Amino acid sequence: FLLVHGYRSCGFYDFCGVFSFLQQEGYSILLIDQRSHGKSEGRYIGYGALERDDCLRWVKWISLRYPSLPVFLYGVSMGCATVLMASGLPLPETVHGIVADCGYTKPDAIFRKVAEENLRIPRVFHRSLLFFTNHLCRLFAGYSPEAFSTVDALKTNRLPVLFIHGKADRF
């Protein structure tokens, strides 16, 4: 399993319960720090858009070293968006499935949700805020949050996906 944590978190926190279970069941586990988190390099967080390419590199790294080992991607929150967006890339044949835990559809959709519910920015300012955010992301981080979508990536996905999500998850 390649375990991919969420925004401003770490694998040990997000996977503290499932890690022990997977280990007891005999699975090999690679617990990573996403870019700009923990001990990982990177200056900008891409909310899955930039990290999807990192995920592909991790999977290729695993596949080169353990070519007969089946790989499953398991992402939580932003890590979920990362693995779902990576599912639209040409993943090695060793990848057999994805566990998608509490993800979101697009980086700009989560920006909008945080602006409204956490920052309490009125909806009338959302369009201006998203325009400004997209511009800054393009300028400094080299990507546009509105250009990436888990839904679009899943249109070309060939892998089975287990979605874990509930209506009580307001975030």
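**Exercise 1. Determine which residues of α4 are buried.**

Solution. Helices (H or I, at least four residues) and strands (E, at least two) are DSSP runs, numbered from the N terminus. Buried means under 20% relative accessible area, exposed over 50%, and partly exposed in between, with a 1.4 Å probe and protein chains only.

Step 1: note the basis. The model is predicted, so local features need pLDDT of at least 70 and side-chain atom pairs count only at pLDDT 80 or more, while totals for chains, interfaces and linings use all residues. Residues are numbered from 1 along each chain as its sequence is written, and side-chain values use heavy atoms, with hydrogens and water left out.

Step 2: list the residues. M78, G79, C80, A81, T82, V83, L84, M85 and A86 are buried in α4. The helix is mostly covered, with 9 of its 9 residues buried.

**Exercise 2. Describe the largest nonpolar core and the elements that give two or more residues to it.**

Solution. Step 1: define the set. A nonpolar core consists of buried Ala, Val, Leu, Ile, Met, Phe, Trp, Tyr and Cys residues joined through side-chain atoms within 4.5 Å. In soluble globular proteins, nonpolar side chains tend to be buried together.

Step 1: find the members with the most partners. The largest core has 20 residues, and L2, C55, L73, V95 and I98 touch the most other members.

Step 2: assign elements. Two or more residues each come from β1 (2-4), α3 (51-65), β3 (71-76), α4 (78-86) and β4 (95-101).

Step 3: check for another core. Apart from the largest one lies a core of 14 residues, including I45, Y47, L50 and M78.

Step 4: take L2 as an example. Counting contacts (heavy atoms within 4.5 Å) and leaving out residues up to four places away in sequence, L2 touches L30, I32, C55, W58, V59, I62, F72, L73 and Y74.

**Exercise 3. Classify the aromatic pair of Y7 and Y47.**

Solution. Step 1: apply the cut-offs. Rings of Phe, Tyr and Trp (its six-membered ring) pair if their centres lie within 6.5 Å; planes under 30 degrees apart count as stacked, over 60 as edge-to-face and the rest as tilted. A search of the whole structure finds 8 aromatic pairs.

Step 1: for Y7 and Y47 the values are 5.4 Å centre to centre and 20° between the planes, and the pair is stacked.

Step 2: locate the partners. Y7 lies in the loop between β1 and α1 (11-14) and Y47 in the loop between β2 (30-31) and α3, so the pair ties together parts that are 40 residues apart in sequence.

Step 3: Y7 is partly exposed, with a relative accessible area of 41%, whereas Y47 is buried, at 18%.

**Exercise 4. Characterise the lining of the largest pocket.**

Solution. On a 1 Å grid over the protein atoms alone, a pocket is an open set of points where a 1.4 Å probe fits, with protein on both sides within 12 Å along at least five of seven lines; lining residues have an atom within 4 Å of a point. Grid points are joined across faces, edges and corners, and a volume is the space filled by probe spheres set on the points.

Step 1: the largest pocket has a volume of about 400 Å³. Of its 19 lining residues, Y7, Y47, I110, F111 and V114 are the closest to its centre.

Step 2: two or more lining residues each come from α5 (107-118) and α6 (126-141). The most come from α5, with 4 residues.

Step 3: sort by class. Ala, Val, Leu, Ile, Met, Phe, Trp, Tyr, Cys and Pro count as nonpolar, Asp, Glu, Lys and Arg as charged, and the others, Gly among them, as polar. The lining has 14 nonpolar, 4 polar and 1 charged residues.
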